[in-house]
Amino acid sequence: MDVDMSTMGIDHQHPARPVSSDLPIPTVTHLMFPDAMDGYNVQILTRNFTFTPALINRIPAANEGHSHIYVNGTKIARVYGVWYHLPANFFHSGENQLRVTLNANDHSTWTVEGDVIASTVSVVRP
């Protein structure tokens with residue numbers, strides 16, 4: 001089933017959660033690979049961060065949690081590991097922005113000095 005979440009009017013704003021100054025700062029970047037069947041496969045690469053899917057919706061712990069994927073500003077999914085498949089229907093023709101954020105177990109967004117820990121890449125779809 002194809003779902004266009006942008007038409008649902010769902011607001012996915014999450015509060016900021018600063019990384020402790022006495023811990024290593026987590027980082028994230030991501031790569032996108034066209035999928036031969038449909039869409040893209042996203043590889044999420046982190047440092048100083050641990051995916052903890054079994055602890056979702058629990059008390060946040062330093063430098064762990066999950067990530068959120070946004071396409072053109074609309075939250076598409078929570079991600080609990082390093083790979084995620086995005087169907088082509090989430091992208092419009094032309095340039096698209098795909099953003100990955102690092103989030104704590106309570107869905108708050110990890111930040112450093114007020115800046116969200118995130119990675120953004122442009123994807124051009126014919």
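Predicted model: local features only at pLDDT ≥ 70, side-chain atom pairs only at ≥ 80, totals over all residues.
Residues are numbered from 1 along each chain as its sequence is written, and side-chain values use heavy atoms, with hydrogens and water left out.

**Confidence**
- The average pLDDT (the predictor's confidence in each residue, from 0 to 100) is 90 for the protein.
- A score of at least 70 is reached by 90% of the residues.
- Residues 1-11 have a pLDDT below 50.

**Thr101**
- Thr101 lies in strand E8, residues 94-103; strands are DSSP runs (E, at least two residues), numbered from the N terminus.
- Thr101 counts as buried because its relative accessibility is 3%; buried means under 20% relative accessible area (1.4 Å probe, protein chains only).
- Leaving aside neighbours within four places in sequence, Thr101 has contacts (heavy atoms within 4.5 Å) that include His66, Tyr70, Thr109 and Val116.

**Strand pairing around E9**
- Strands E1 (residues 16-18) and E9 (residues 109-112) pair in the parallel sense over three bridges; pairing takes at least two DSSP bridges between two strands.
- Arg17 has Trp110 in E9 as its bridge partner.
- E9 also pairs with E10 (residues 115-116), in the antiparallel sense over two bridges.
- Val112 stands opposite Asp115 in E10.
- Two residues separate E9 and E10 in their hairpin, and Glu113 in the turn has a positive phi of about 50 degrees.

Definitions and conventions. Helix = DSSP H or I, 4+ residues; strand = E, 2+ residues; numbered from the N terminus. Buried < 20%, exposed > 50% of the residue type's maximum accessible area, 1.4 Å probe, protein only.
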